[in-house]
Amino acid sequence: MAWSGARPPRLRLPPPPLLLLLLLLLAPALSAAAERRPGPGPGPAEKLLVFTVATKETDGFHRFMRTAKHFNYTVKVLGKGEEWKGGELSNSIGGGQKVRLLKEGIESYADQEDLVLMFVECYDVIFAGGPEELLKKFQETNHKVVFAADGLIWPDKRLADKYPVVRSGKRFLNSGGKCFIGYAPYINRIVQQWNLQDNDDDQLFYTKIYVDPLAREHINITLDHKCTIFQTLNGAVDEVLLKFEEGRVRARNSVYDTLPITIHGNGPTKIHLNYLGNYIPNAWTRETGCSICDLDLLDLSTVTEYPRVKIGVFIEQPTPFLPKFLDRLLTLDYPKEALSIFIHNNEVYHEKHIKKFWEKAKNIIRNIKIVGPEENLSQAEARNMGMDLCRQDKACEYYFSIDADVVLTNPKTLRILIEQNRKIIAPLVTRHGKLWSNFWGALSPDGYYARSEDYVAIVQGNRVGVWNIPYMANIYLIKGQTLRSEMKEKNYFMREKLDPDMALCRNAREMTLQREKDSPSSETFHMLRPPKGVFMYITNRHEFGRLISTANYNTSHYNNDLWQIFENPVDWKETYINPNYSKIFTDNIVEQPCPDVFWFPIFSDTACDELVEEMEHFGQWSGGKHQDSRISGGYENVPTDDIHMKQIGLDNEWLHFIREFIAPVTLKVFAGYYTKGYALLNFVVKYSPDRQRSLRPHHDSSTFTINIALNKVGEDFQGGGCKFLRYNCSIESPRKGWSFMHPGRLTHLHEGLPILNGTRYIAVSFIDP
């Protein structure tokens, strides 16, 4: 305060004894305030500098830098290109190299009293808030240095009693990693005490300084007890929730109701950090969707030569619809000269399918290697072999692994995955009508499946993006360079008692994880050297296809896929129902060649051919005899030369076909009639000149009958047809795959017209007898 001109006013002072008493009372508070006074205020964000150590640029490092860039943090990276000596796998401690690098790195900043320094891990840390918020929260602590706090103590449990007691919040200096913030001179005062080796334990170094009361008070250190600035996840996963704000996502500590600035996936929580990192700070929001999906894309339209891809195909069990699976490989929208294929077929049953594919593909694909069941390779050995073929070939730029139970309906899948430009990426494929998919969003403590909060939303397409995940299977793309640099080991598909896919994923994500001795929990891991684990991603940005079920696949028939109407209804329909079936309801293509006789497409050529093959393979035709033990009463008045569906075990599947595909047509053409879709007699009839040429006039024991032509007039036989006598109306040119539908009793007396040569086959059902 200053005055000019007039004499300054006199201050009234209390009487001396009262003044002395007041000073005595205020002395302790004034002394404490002087000790805790932070000096110059934190000021603008340029007075903040973030330090981290990264001897290698891993996926985790790039994620950390992306979140730092989002908030405009200034980050100084120490140790680039330096050999990591901070701990070997045989030890349970380490990390001293980081202290040494920090000690060297901050020397030039040590005398800047108003500069705030922050040190964080980078491989398993993300930013959730910006510099201004960080500085404000730091200033509010009224301390010179603040360390992250943890509910678990590491590395020396014997030091627990030396920690100050806290009434609320986390008591211990954070375990599994080092994150702290403070004024430059005070940080420097701490790290200048380091005089140990690179492989000594940095955690223990910081802990001993903090638990020393004199050092703690002298430097003025505290812990972030309520996760205002730092959130460590080890032992606190259940505390941390995603908080969706407008255009951004935060992590909220639900116990202390705080919004931490950094999230640290210390200990065994790196997978959970990956989950949080799929959202925080703006990777995916409800308003913008995925904001990072188009970063670093590879545009194949600009390349002169497409990358070379090795496709690994694995047929490890009997698999429905395998010929269609193999054919889809040849329809991939990718230059065939850039493709080579490795096939491991573990099933003798499928050798006939592989042979047919080979004949089709040998002049299209430049290199095809097939390993059959005679090699007696385990699934893991085969997968190791396929991957290593790409690893050893420097011209192999991508390895595309696909199992035979993947129905790849999007021919652009390979291009899409390559353009997404991730080291490992899988397309989302799901089982029809179920939540079963080819990825897991989380893992249980013992490393098996656990459902993440967002799993259903991703599977159902309510959240669309590219997601960092802990497990994938069935189909994925890996960069060849990744195989040659970060995944050099040849035995990726074997680990303990895990199945091959689980072994691959665990080896990829946890390549340098070692269980700690005396760690806080049995599942805690300590990162002893910079992690080389590779992030794995799943994308649901496009429709790629689905998974078929291989359960209950019976290979005892001739054409086994005919029985898949229950297990794999979509594939069954695609294979066996006429492509024009849907036009019955949209384009009114049903014809009526005779009164109340309706004619419509129902079966594909494949269905017709396979059903005939199945019956001929069974071979027990009835011979058109009146005596028939297959039917009630044992006598057939108007017999045909036939085989019943029940005889080949297809009766249940056939009745389901009637309910699914015939019943809707019935409702359309016989308005008001709702069929039960029940039939006692379902059979295939065979007409041939030397056995049964025709069938005399008769009524059917049904409410209505379907009669499906299974082969072609003019090609497979001459003559034939059906005549409805009451209307003097004949249909002499039945179309393959088309069905007649007509009333069975009373009104539609009919006969089978004689064939002249060849063999005619029809499938018949007497429905609602």
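1. Let me start with Cys608, which is buried in this predicted model. Its relative accessible area comes out at 0%. For a disulfide the two sulfur atoms would have to lie within 2.5 Å.

2. Where do the bonded cysteines sit, then? A search of the whole structure turns up 3 disulfides. Numbered in sequence order, the bonded cysteines of the chain pair as 1-2, 3-4, 5-6. Cys505 is in no disulfide either, and the nearest cysteine sulfur, that of Cys390, is 17 Å away from it. With a relative accessibility of 0%, Cys505 counts as buried.

3. Take the pair Cys290 and Cys293. Their sulfur atoms are 1.9 Å apart, and the two form a disulfide. What is its handedness? The torsion about the S-S bond of Cys290 and Cys293 is about 105 degrees, so this disulfide is right-handed. The two ends of the bond are worth a look in your viewer. Cys290 is partly exposed, at a relative accessible area of 23%, whereas Cys293 is buried, at 1%.

4. Next comes the disulfide that joins Cys390 to Cys396, with an S to S distance of 2.1 Å. The torsion about the S-S bond of this pair is about -95 degrees, so the disulfide is left-handed. Both Cys390 and Cys396 are buried.

5. The remaining pair to discuss is Cys594 and Cys729, a disulfide with sulfur atoms 1.9 Å apart. The S-S torsion of Cys594 and Cys729 is about -80 degrees, so this disulfide is left-handed. Which elements does it link? Cys594 belongs to strand E32 (residues 591–594) and Cys729 to strand E40 (residues 729–731), so the pair ties together parts that lie 135 residues apart in sequence. Cys594 and Cys729 are both buried.

6. The structure holds 5 cavities of 30 Å³ or more, and the largest cavity has a volume of about 90 Å³. Which residues line the largest cavity? The lining is made by Leu562, Trp572, Phe603, Ala607, Leu611, Leu650, Glu653, Trp654 and Phe657. Helix H18 (605–618) and helix H19 (651–669) each supply at least two residues of this lining, and H19 has the largest share, with 3 residues. By type, the lining divides into 8 nonpolar, no polar and 1 charged.

7. Helix H2 (59–70), helix H8 (270–277) and strand E25 (466–469) are the elements that give two or more residues to the lining. H2 gives the most, with 7 residues. The lining of the second largest pocket divides into 6 nonpolar, 9 polar and 8 charged.

8. On to the cores. In soluble globular proteins, nonpolar side chains tend to be buried together. The largest nonpolar core here has 62 residues, and Ile181 and Tyr206 have the most contacts inside it. Setting aside neighbours within four places in sequence, Tyr206 is in contact with Val99, Leu102, Phe147, Leu173, Lys178, Phe180, Ile190 and Val191. Apart from this core lies another, of 53 residues, which includes Cys396, Ile458, Trp467 and Ile538.

9. Not counting residues up to four places away in sequence, Asp571 touches Phe321, Val407, Arg546 and Ile548.

Technical notes
Residues are numbered from 1 along each chain as its sequence is written. This is a predicted model: local features need pLDDT of at least 70, side-chain atom pairs count only at pLDDT 80 or more; totals for chains, interfaces and linings use all residues. Side-chain values use heavy atoms; hydrogens and water are left out. Buried means under 20% relative accessible area, exposed over 50%, partly exposed in between (1.4 Å probe, protein chains only). Helices (H or I, at least four residues) and strands (E, at least two) are DSSP runs, numbered from the N terminus. Ala, Val, Leu, Ile, Met, Phe, Trp, Tyr, Cys and Pro count as nonpolar, Asp, Glu, Lys and Arg as charged, and the others, Gly among them, as polar. A nonpolar core is a set of buried Ala, Val, Leu, Ile, Met, Phe, Trp, Tyr and Cys residues joined through side-chain atoms within 4.5 Å. Contact means heavy atoms within 4.5 Å. On a 1 Å grid over the protein atoms alone, a cavity is a set of points where a 1.4 Å probe fits but cannot get out, and a pocket is an open set with protein on both sides within 12 Å along at least five of seven lines; lining residues have an atom within 4 Å of a point. Grid points are joined across faces, edges and corners, and a volume is the space filled by probe spheres set on the points.
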